[in-house]
Amino acid sequence: MKAAVWYGAKDVRVEEREERQVQSGQVKIKVEYAGICGSDLHAYHHGVGIQEGQEHPLSRQKAPLVLGHEFSGVVAEVGEHVSGIEKGQRVVIEPLYHCGVCEYCLHGNYNQCVDFGFVGLNSDGGFANYVVVEAYMVHALPDEVSFEEGALVEPTAVAMHAVRHSSLKVGQKVVVYGAGPIGLLTVLCAKAAGASQVYAVDIFDERLQLAEKLGAIPVNSSKVDATEVINRQSGGIDVAFEAAGVQPTMDSAVSIVKKGGQVVVIAAIAEPLKVDFFQLLVKEATVTATLAYRHIFPEIIALIAAGALDVKQVITRKIELDDIVEEGLELLLSDKSHAKILVKIGG
Ligand SMILES: [Zn+2]
Ligand SMILES: [Zn+2]
């Protein structure tokens, strides 16, 4: 089969690779669409976040690995001791490895598992014709949800987990920092959750235009003082979602929330940032953070099927697997007009 394999920083090769054998408890998926994520960019550009050196305790795999963790497809083969999944079924994969027996798993918080890992970062992923996953990762895709939309369930789950985890109530006002794919999907999810106003802050007008199409009020923080403008227009923000992860946006988030408000960190922030806890103290405001998602794929799929989340609006380009480096991993860094790029893999 053909696959996009990560060998190191700036070294992803589209090449022939042998299909993995399906073991007991596993399922083989014929991939239809797979989305390129920020963590794929980190792996490609900086060589971080990939299972290197030793095998992952649950996947038993290590680099070189096939990238890709946001994908939809069709069940091609079902291993022994798997029930409820049938060959030919349309599916989407929840790509989180979890042990099922640690303290966190036993409490249902499997995204906090001590052996937490991602398909496509800690094992071979979805930028390939076929991928073998654990049966517990498989969710059925109803006919109303396209394979393209299916490939967007995973990043939407990240955004909706943050919204559900937040203190947001119907009618409240929200700001989202960063209008990349996760920020844009957070705009959609906050609106679906009943926010009355959603501001989107970014420094690129192309991204802000997309945010506006999704129903956000765009604010370009390279041109205006975002904190001042939003405070004046909104009269106060209840929840600030931090999907940019830089010092200026964190400063703005902390100062923009009103008394009793909340800052929710979604961005994976590599460098330690300063947080003004005195401001939080005076306002009795909280800061919280969310990691990936748990128990939310069925709801996301149902919301898309019901037409309540028009996720396909964040797709700005579809490419072929052969072009993933030039027209995907490289392009996303140089051209900020793009949000989600999907790789078309199925026939
Ligand atoms: Zn992702
Ligand atoms: Zn666990």
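Me: Helices (H or I, at least four residues) and strands (E, at least two) are DSSP runs, numbered from the N terminus. What share of residues 8-343 is helix, and what share is strand?

Reply: This is a predicted model, where local features need pLDDT of at least 70, side-chain atom pairs count only at pLDDT 80 or more, and totals for chains, interfaces and linings use all residues. Residues are numbered from 1 along each chain as its sequence is written, chains are lettered from A and ligands numbered from 1 in written order, and side-chain values use heavy atoms, without hydrogens and water. UniProt, in an unreviewed entry, places "domain: Enoyl reductase (ER)" at residues 8-343; such annotations may be inferred rather than shown by experiment. The end C-alpha atoms of this span lie 21 Å apart, and the span is 29% helix and 26% strand.

Me: Which protein residues are donors of the zinc ion (ligand 1)?

Reply: Donors are N, O and S atoms within 2.8 Å of the metal (3.2 Å for Na, K and Ca); water is not among the atoms, so sites may look incomplete. The donor residues here are spaced C-x31-H-E. At 2.1 to 2.7 Å from the ion, they are Cys 37 (SG), His 69 (NE2) and Glu 70 (OE).

Me: Why does the arrangement around the zinc ion (ligand 2) get a geometric name, and what is it?

Reply: Its protein donors are Cys 99, Cys 102, Cys 105 and Cys 113, each through SG, at 2.3 to 2.4 Å. Along the chain they follow C-x2-C-x2-C-x7-C. Four donors pass the test if all angles lie between 85 and 135 degrees. The four donor atoms subtend 103 to 118 degrees, so the arrangement is tetrahedral.

Me: Is Ala 195 buried or exposed?

Reply: Ala 195 is in the loop between helix 5 (181-192) and strand 12 (197-202). Buried means under 20% relative accessible area, exposed over 50%, partly exposed in between (1.4 Å probe, protein chains only). Ala 195 has 9% relative accessibility, so it counts as buried.

Me: How much space lies in the largest cavity?

Reply: On a 1 Å grid over the protein atoms alone, a cavity is a set of points where a 1.4 Å probe fits but cannot get out. Points are joined across faces, edges and corners, and the volume is the space filled by probe spheres set on them. A search of the whole structure finds one cavity of 30 Å³ or more. The largest cavity holds about 50 Å³.

Me: Which strand gives the most to the lining of the largest cavity?

Reply: Lining residues have an atom within 4 Å of a point. They include Met 1, Tyr 130, Val 131 and Val 132. With three residues, the biggest contributor is strand 9 (residues 130-134).

Methods: Four donors count as tetrahedral if all angles lie between 85 and 135 degrees; four count as square planar and six as octahedral if opposite donors are over 155 degrees apart and all others between 65 and 115; anything else is irregular. On a 1 Å grid over the protein atoms alone, a cavity is a set of points where a 1.4 Å probe fits but cannot get out, and a pocket is an open set with protein on both sides within 12 Å along at least five of seven lines; lining residues have an atom within 4 Å of a point.
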